[in-house]
Amino acid sequence: MTPYDMGRISAFLIAHRKLEDRVDKRGMRRDEKDLAAILREASVDELRDLEDLMSGQGFVFVQLNSFDVEGIGPGSRVYLAARRADMPSCLVDSSHVVERMGLGQRPNAAKIWFTQIWLLHLDLIYTQLDRSPLERGRWINASFTREMLQDALSTHINDHVRKLNAVELANSEVYEVLCAEKGADVSRYVRRFLEIMCEGGLLEERAEGAFRQTLLSAVEMKENFDRSLAPLMLAREQSGQSSSMAQLAGPLLTAAQAIASDGGEQ
């Protein structure tokens, strides 16, 4: 694998986050076929160099085959660029989310809505399936519908957020934004969230209004859960509070703001 080849593979992974080496070549991009052949013949040292290159750009280079996880065909391999939680990538920041959520003049509100819906979708594909975030192998059955996510968001706002006491609401921008929700906001922001997640390769629409977690999403959760969400969930459990992921929006955004204030990007 030449430096030029390594650059091509890195660029492909950053753009698509997944590169497949399949026995069945149907639906594969031409570049993907060529790059998969290069990776198949790469030496251990060359793959280690590629890992270092991807790491320097804020990604973990992950290689998987049919023995590692369900959903990969026999004789096939999947290469993923999973984001590192401990090293923000200069190639991925929050400006895209702010723009796509349609709240360009209210960046904090965009982040709050996206984060809250993201946590609720995690409850649908982990908590409600009695599945650990470290359990990447069950990604292929982790599905939900747009209506399920909308209902979960409405229920969370009406049954949890709006029932908090006025003092707590007054001190939290998260609750202030969510409590200002008007009827159409839920469906609008859920639709935009799903579009962002599908474009980012973290969800795929299997049928009209039906979505499934991707292998990339499952791998990123397994790689990053212990560093990002697990400490917040543990803190809630120790204080006697519910450990539902949906209720972590406030502490998660506070932690993200602290990282950003130290020079990182979210």
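Leaving aside its neighbours within four places in sequence, Ser55 is in contact (heavy atoms within 4.5 Å) with Arg84 and Met87. The model is a predicted one, in which local features need pLDDT of at least 70 and side-chain atom pairs count only at pLDDT 80 or more, while totals for chains, interfaces and linings use all residues. Residues are numbered from 1 along each chain as its sequence is written, and side-chain values use heavy atoms, with hydrogens and water left out. Ser55 belongs to helix H3 (residues 44-56), helices (H or I, at least four residues) and strands (E, at least two) being DSSP runs numbered from the N terminus. Because its relative accessibility is 24%, Ser55 counts as partly exposed, a class between buried (under 20% relative accessible area) and exposed (over 50%), with a 1.4 Å probe and protein chains only. Although Ser55 and Met87 are 32 residues apart along the chain, their C-alpha atoms are separated by 8.6 Å.

For the protein as a whole, the secondary structure comes to 12 helices and six strands. Of its 266 residues, 43% count as buried. Among contacts between residues at least 6 apart in sequence, 62% join residues at least 24 apart.

Three of the strands form an open sheet in the order S4-S6-S5, with antiparallel pairing, where two strands pair if DSSP finds at least two bridges between them. Strand S4 (143-145) and strand S5 (203-207) stand at the edges, and because each has a single partner strand, one side of each is left without a neighbour in the sheet. From one strand to the next the twist averages 35 degrees. Strand S6 (residues 210-213) pairs with S4 over three bridges and with S5 over four bridges, in the antiparallel sense. Phe211 of S6 is the bridge partner of Phe144 and also that of Glu205. In the hairpin of S5 and S6, two residues lie between the strands, and Gly209 takes a positive phi near 80 degrees. Helix H9 (residues 183-199) lies across S4, S5 and S6 and runs at about 105 degrees to S5; here axes are lines fitted to C-alpha atoms, for helices over the stretch in contact, and angles run from 0 to 180 degrees between N-to-C directions.

Apart from neighbours within four places in sequence, Leu215 is in contact with Leu64, Val69, Ile72, Val78, Leu80 and Trp139.

Helix H10 (residues 215-228) packs with helix H11 (residues 230-238) at an angle of about 45 degrees, their axes lying 5 Å apart. The two helices, H10 and H11, are therefore oblique to each other, since angles under 35 degrees count as roughly parallel, over 145 as roughly antiparallel, 65 to 115 as roughly perpendicular and the rest as oblique. In this contact, Phe225, Asp226, Arg227 and Ser228 of H10 meet Ala230, Pro231, Leu232 and Met233 of H11. The residues of the contact divide into five nonpolar, one polar and two charged, where Ala, Val, Leu, Ile, Met, Phe, Trp, Tyr, Cys and Pro count as nonpolar, Asp, Glu, Lys and Arg as charged, and the others, Gly among them, as polar.
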